[in-house]
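User: I have a structure open and I'm new to it. Can you walk me through some of its details?
Analyst: Go ahead and ask.

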Amino acid sequence: MDKQLQLLKEMTDVNAPAGFEQPMTQFMKGLFENDGIKTIQDNTGSIFGVKEVASNHSIMLLGHLDEIGFMVTEITEKGFIKFTNLGSWSGTVMTSQKVTILTRKGEVRGIIGSKPPHVLPTDERNKVNPDAMFIDIGTANREETINAGVSVGDAITPYSEFEVMANPNYLLAKAFDNRFGCSAAYEVMKDIKHNITLYSGAVTQEETLSRGAITAANLLKPSLAIAIDVCICSNTPGMEHSGQAKMGEGPVILLSDAWNIGHVSFRRYVEQIAQENEIKVQHDHLTGGYTDAGNVAVSNNGVPAITISVPTRYIHSNVSMMHREDYNRAVMLLKKVVESLDDATVERIIKQEI
């Protein structure tokens with residue numbers, strides 16, 4: 001496994017759902033410090049590498065540290081665990097999946113329990129009720145579950161191993177949403193030449209209303225921002241009419257999402273840089289989702305903000321699939337954009353002269 005694959009594996013292996021991002025904050029801090037890169041953090045745990053130059057402007061590249069998960073809300077007398085969501089889940093992808101409970105004693109493996117189809121009435125077999133779900137860690141009663149270390153308030157993450165698929169460009173793991181963005185933000189910092197100050201890192205709690213983007217943007221006060229996130233992939237059966245982005249065909253520039261219309265002048269500038277550097281890009285829009293660009297865009301006095309994504313299969317489930325070349329081209333595009341900016345160009349973007 002080469003260094004890039006090892007980085008992606010290590011990042012996706014970290015268990016850090018929304019509100020419990022500290023392991024990822026520390027992981028990113030270690031990466032930056034090992035490369036001698038200065039860091040800055042807000043009080044929620046959002047962390048950025050900083051490369052300052054003598055300029056009037058700065059750009060913020062932000063992935064998000066958190067993944068979707070759950071939190072323990074109750075331990076029943078029979079030892080089963082009730083839970084609530086941290087981020088958006090569909091009940092159809094939850095049943096019978098392995099999970100990891102993050103206790104103070106260490107990790108505890110469990111499974112989201114379900115009834116076998118043999119005992120379900122016909123009218124219930126195709127229905128899913130997340131409120132009726134529970135986690136089974138293999139204990140006989142409440143006392144055994146507590147003795148195993150489980151407490152109300154503990155975080156829970158999906159369990160899935162990083163794998164390289166039959167086509168080695170296809171990568172499988174939990175939490176590509178959004179450890180892809182964390183890894184890309186880190187890779188951009190290496191060996192980059194830039195004329196404006198660069199903040200590149202990741203924020204907390206994107207999956208729960210993009211809260212970390214608010215505090216981070218207020219701390220950094222960037223002139224421009226690019227959110228780095230995953231997006232819907234349309235080239236699987238049944239998804240052909242649910243979007244335009246296809247895995248393996250390059251990074252995606254989002255035209256809009258539920259919270260943000262991509263800043264027109266900045267988007268056009270990024271498209272121009274992609275064309276000049278022969279980086280194939282796609283376009284798409286989200287009607288039922290958001291990225292951190294929305295909250296950054298309305299921070300301070302307003303920030304021109306867009307989102308650059310990669311199409312990812314099976315997002316917001318226990319496992320996801322990403323194309324390695326989409327990742328590499330996204331990193332290349334981000335680098336080229338940052339390297340091309342100077343104070344005069346930023347002023348033109350802000351004034352929408354491009």
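User: How far is the sulfur of cysteine 231 from the closest cysteine sulfur?
Analyst: This is a predicted model, and in it that distance is 7.9 Å. The partner is the sulfur of cysteine 233, and the gap is too far for a bond.

User: And what about cysteine 182, which cysteine sulfur is closest to its own?
Analyst: The closest one belongs to cysteine 231, at 17 Å. That is also too far for a bond, since a disulfide needs the two sulfur atoms within 2.5 Å.

User: How many disulfides does the structure hold, then?
Analyst: It holds 0 disulfides.

User: Is cysteine 182 buried or exposed? And cysteine 231, buried or exposed?
Analyst: Cysteine 182 is buried, with a relative accessible area of 0%. Cysteine 231 is buried as well, at 2%.

User: Switching to helices. At what angle do helix 1 and helix 2 pack?
Analyst: At about 155°, with their axes 10 Å apart. Helix 1 covers residues 3–13 and helix 2 covers residues 22–34.

User: What does that angle say about their directions?
Analyst: The two helices are roughly antiparallel to each other, because the angle is over 145 degrees.

User: Which residues meet there?
Analyst: From helix 1, Leu7, Glu10 and Met11. They meet Met24, Phe27, Met28 and Leu31 of helix 2. Sorted by class, this contact has 6 nonpolar residues, no polar ones and 1 charged one.

User: What about helix 6 and helix 8, how do they pack?
Analyst: Their angle is about 110°, and their axes are 10 Å apart. That makes helix 6 and helix 8 roughly perpendicular to each other.

User: Which residues are involved?
Analyst: On the helix 6 side, Phe266, Tyr269, Val270, Ile273 and Ala274. On the helix 8 side, Leu333, Lys336, Val337 and Ser340. By class the contact has 7 nonpolar, 1 polar and 1 charged residues.

User: Which residues of helix 6 are buried?
Analyst: Ser265, Phe266, Arg267, Tyr269, Val270, Ile273 and Ala274 are buried.

User: What covers them?
Analyst: The cover includes strand 3 (58–64), strand 13 (224–232), strand 14 (252–256) and strand 16 (305–313). It also includes helix 8 (324–340) and helix 9 (343–350).

User: What span should helix 6 have for its number of residues?
Analyst: Helix 6 has 13 residues, 264–276, and at 1.5 Å a residue they should span 18 Å. The end C-alpha atoms are 18 Å apart, which agrees.

User: What happens just after helix 6?
Analyst: Glutamate 278 takes a positive phi there, of about 55°.

User: Are they buried or exposed?
Analyst: Serine 210 is buried, with a relative accessible area of 0%. Tyrosine 314 is partly exposed, with a relative accessible area of 42%.

User: Which peptide bond is cis?
Analyst: The bond from aspartate 177 to asparagine 178 is cis, with omega near 10°. Asparagine 178 is in helix 4, residues 176–189.

User: Next, alanine 173. Where is it, and is it buried or exposed?
Analyst: Alanine 173 lies in strand 11, residues 170–173. It is buried, with a relative accessible area of 0%.

User: What does alanine 173 touch?
Analyst: Leaving out residues up to four places away in sequence, alanine 173 touches Thr12, Glu161, Phe162, Val319 and Ser320. Its C-alpha is also separated by 9.9 Å from that of methionine 11, 162 residues apart along the chain.

User: Last one. Where is threonine 139, and what does it touch?
Analyst: Threonine 139 is in the loop between strand 8 (135–136) and helix 3 (142–147). Not counting residues up to four places away in sequence, threonine 139 touches Lys78, Gly79, Glu144 and Thr145. From threonine 139 to phenylalanine 80 is 59 residues in sequence and 7.9 Å in space, C-alpha to C-alpha.

Methods: Residues are numbered from 1 along each chain as its sequence is written. This is a predicted model: local features need pLDDT of at least 70, side-chain atom pairs count only at pLDDT 80 or more; totals for chains, interfaces and linings use all residues. Side-chain values use heavy atoms; hydrogens and water are left out. Axes are lines fitted to C-alpha atoms, for helices over the stretch in contact, and angles run from 0 to 180 degrees between N-to-C directions. Helices (H or I, at least four residues) and strands (E, at least two) are DSSP runs, numbered from the N terminus. Angles under 35 degrees count as roughly parallel, over 145 as roughly antiparallel, 65 to 115 as roughly perpendicular and the rest as oblique. Contact means heavy atoms within 4.5 Å. Ala, Val, Leu, Ile, Met, Phe, Trp, Tyr, Cys and Pro count as nonpolar, Asp, Glu, Lys and Arg as charged, and the others, Gly among them, as polar. Buried means under 20% relative accessible area, exposed over 50%, partly exposed in between (1.4 Å probe, protein chains only). The expected span of a helix is 1.5 Å times one less than its number of residues.
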